[in-house]
Amino acid sequence: MSLEATLDRVVDRAKELEALLSNPEGLDSSGFQKMSRELSELAPVVAKVEELKQTRAELADARALVEESDDEMKELAEAEVAEIEDRLPALEREVQILLLPKDEADEKNVILEVRAGTGGDEAALFASDLFAMYQRYTQARGWRFEVMEVSENELGGYKEAVASITGRGVYARLKFESGVHRVQRVPVTESQGRIHTSAATVAVLPEAEEVDIEVEDKDLRVDVYRSSGAGGQHVNTTDSAVRITHIPTGVVVTQQDEKSQHKNRAKAMRILRARLYDLQRQAADEARAADRKSQVGSGDRSERIRTYNFPQGRVTDHRINLTLYKLDRVVSGEALDEVLDALIAEDEAERLASLT
């Protein structure tokens, strides 16, 4: 379908929805909500399409004026034509991006999991730095960051940390953070001043609702036990810790931060649903992209995606060959948007290219 036909179809669909919603007889509440949501999603697209059509009409008028005018008016009209022709490609690209198929998970909240990789204590310290980076970034955007599980080592580093991030468009913003993050720096435990390389793994999982993924009780094995923690942290005298195993997939989730077994089970189920939903999405992505693997959006947890080099003060994202010499501002969360914006732009460019 041509771009013009697609634009007309979008505008026609918006008009159809407006007509149906203005006279909702025969619509149940579920249908009304579904149509209202679709119309709200189409509204910015329609507005941009109208802007594009108006700009094209202005260009046609200006070109006609060039043909019809005397020398003085012709010069003004030619300048107007040049100005419109300069901004038209960017406007067309904006419309094309808005028309790209949406990821159904983009508006979902996420479960963030950060785990220490190779590098021992230094990897755990780096994992805690990454976890703090996402926490600060989350707070700066006005999202909610809820720590769900933390497993510390003796130096205060994180062997594993899990959080829930709640807000508008969280997954769309953070989904390219999944993968292996590498750090090069002198560890606090290094007496000779030598630079070490360590790694941590980040997983950003869209949080699934019960309607997204069905988990049957018969597929679960639930074990309860007494919680424990480094240095006596989180220790209590009841069997409040919960381990849930999803038997068909072998996915295991443990939760012990809460003193209540009921609360630990509820948190564990949120994480389990997110992991199962992620497995389901990965399988669908692999099936769709058997002949084309997106460089940015592969979601491969074992892929080294970024290096944080402290001696040189630089951050390099290897997927898009982006290097920023502002490591402190990235790690503080302040400049993380510069990396995320570049990743999102690259993904949009790849998806646009695949449509041509």
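Here's a quick briefing on one strand with its partners and on one pair of helices. Keep in mind that the model is predicted. The strand to look for is β9, residues 304-309, which pairs with β4 and with β10. The helices are α2 and α3, whose axes come within 8 Å.

**Strand β9 and its cover**
- Start at residues 304-309: that's β9, and five of its six residues are buried.
- So β9 is a mostly covered strand.

**β9 next to β4**
- Strand β4 spans residues 179-185 and runs parallel to β9, with five bridges joining the two.
- To find your way around this pairing, look at Val180, whose bridge partner in β9 is Arg304.

**β9 next to β10**
- Strand β10 covers residues 314-317, and here the pairing with β9 is antiparallel, through four bridges.
- One spot to check is Arg306, which stands opposite Asp317 in β10.
- β9 and β10 make a hairpin, and four residues sit between them.
- Gly313 lies in that turn and has a positive phi of about 65 degrees.

**Helices α2 and α3**
- Helix α2 takes in residues 29-68 and helix α3 residues 71-99; their axes cross at roughly 155 degrees.
- Because angles over 145 degrees count as roughly antiparallel, α2 is roughly antiparallel to α3.
- The crossing of α2 past α3 is left-handed.
- Sorted by class, the residues in the contact of α2 with α3 are 17 nonpolar, 12 charged and one polar.

Note on methods. Residues are numbered from 1 along each chain as its sequence is written. This is a predicted model: local features need pLDDT of at least 70, side-chain atom pairs count only at pLDDT 80 or more; totals for chains, interfaces and linings use all residues. Side-chain values use heavy atoms; hydrogens and water are left out. Buried means under 20% relative accessible area, exposed over 50%, partly exposed in between (1.4 Å probe, protein chains only). Two strands pair if DSSP finds at least two bridges between them. Axes are lines fitted to C-alpha atoms, for helices over the stretch in contact, and angles run from 0 to 180 degrees between N-to-C directions. Angles under 35 degrees count as roughly parallel, over 145 as roughly antiparallel, 65 to 115 as roughly perpendicular and the rest as oblique. A crossing is left-handed if the near helix is turned anticlockwise from the far one by less than a right angle, and right-handed if clockwise. Ala, Val, Leu, Ile, Met, Phe, Trp, Tyr, Cys and Pro count as nonpolar, Asp, Glu, Lys and Arg as charged, and the others, Gly among them, as polar.
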